[in-house]
Amino acid sequence: MKWIALALVGVLLAAFPLFGGDFYVNLASQIFIAAIFATSLNLLVGYGGLVSLGHAAWIGLAAYTSGWLYLRLGLGHIITAPAALLVTALIAAAFGWIALHASGLGFLMITLALTQVLWGTAYRWAAVTNGDNGLSGLTRPAPFGVSLDTPAAFYYFALAVTIVAVWLMARFVGSPFGAALRGTRDEPRRMAALGYNVWLVRWITFVYSGFWGAVAGLLYVYYHKYVHPTTLSLTASAEALLSVIAGGAGTLAGPIVGAAIVLILKNYVSAYLERWNMLLGLVFVLIVIFMPEGVVPGVRRLWMRWVAK
């Protein structure tokens, strides 16, 4: 049943641009970007037990680095993309070294503070970031000579990257290292007593999570062809955290479902409701009340109960 369901989902995703209009195809592309971003945060929140409110740093850093290298130095995407991933991973390594000196609420506040520094820098360092005007005039890459300027082409590109990203993150959490990571979440003292370096396990996960956040940042800047300091804002981090919690932290499908819920409410419902944030809050409250473990684990629980009956 599992493989049949996956096959049906694969066929549906592959055929979606054939019957979906440009609006829905573009919305699906945005969901793919948000899914990678939320899944990368889930490595920390769901599997590492480290709640972060600074994950927007990685999507913003990658977007700004790629855009600045392209506009200011005239470098091609084949250079700007790896450079953006490298810069973001290095800064994630530095931020992780600082933030992981604390845990719990302290870790959350440090990640928030560090990202707010980047957010303020993006606004004030106009010579590099163009301040409140952002960086515009960017273009999309053309892998293997295929233009990504049409909605369908970018959709398939984003879908391919999402599949690879989710698969590699699934391999990461399913590996012995992933088991050690879950051990540091549940029993950090016992893991340390067994000889595991708890700090190092968390630090590697922090950097790995930042890397995939940077991949989402590249897709983000390719899609919008524009980057603004709001990509580094607290709201961007909070939406990703909301996606993880609503969909189901500690599951692979949960952040993807959560990201789809948030993006649909944000981009589709907002066209009909002025105060769509209230509806988003109401949906989140209902999820917490009726499915406190998240949508995906909650649906699985209800399904197993129905099958048992």
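**Salt bridges and their surroundings**

Modeller: Let us begin with a single residue: in this predicted model, Lys225 has a relative accessibility of 31% and counts as partly exposed.

Biologist: With which residue does Lys225 form a salt bridge?

Modeller: A salt bridge requires a side-chain nitrogen of Lys or Arg within 4 Å of a carboxyl oxygen of Asp or Glu. The partner of Lys225 is Asp149, with 3.6 Å between the closest N and O atoms. Lys225 belongs to the loop between helix 10 (198-224) and helix 11 (234-247), and Asp149 to the loop between helix 6 (126-129) and helix 7 (151-174), so the pair ties together parts that are 76 residues apart in sequence.

Biologist: Is Asp149 buried, partly exposed or exposed?

Modeller: Asp149 is partly exposed, at 48% relative accessibility.

Biologist: Which residue forms a salt bridge with Lys266?

Modeller: That residue is Glu239, and the closest N and O atoms lie 3.2 Å apart. This pair links distant parts of the chain, 27 residues apart: Lys266 is in helix 12 (residues 253-267), whereas Glu239 is in helix 11. Lys266 counts as partly exposed, its relative accessibility being 33%.

Biologist: What is the N to O distance between Glu293 and Arg301?

Modeller: The side chains of Glu293 and Arg301 meet in a salt bridge at 2.8 Å. Glu293 is partly exposed, with a relative accessible area of 29%; Arg301 is partly exposed at 30% relative accessibility.

Biologist: How many salt bridges does the rule give?

Modeller: The count comes to four salt bridges.

Methods:
Residues numbered from 1 in each chain as written. Predicted model: local features only at pLDDT ≥ 70, side-chain atom pairs only at ≥ 80, totals over all residues. Heavy atoms only, no water. Helix = DSSP H or I, 4+ residues; strand = E, 2+ residues; numbered from the N terminus. Buried < 20%, exposed > 50% of the residue type's maximum accessible area, 1.4 Å probe, protein only.
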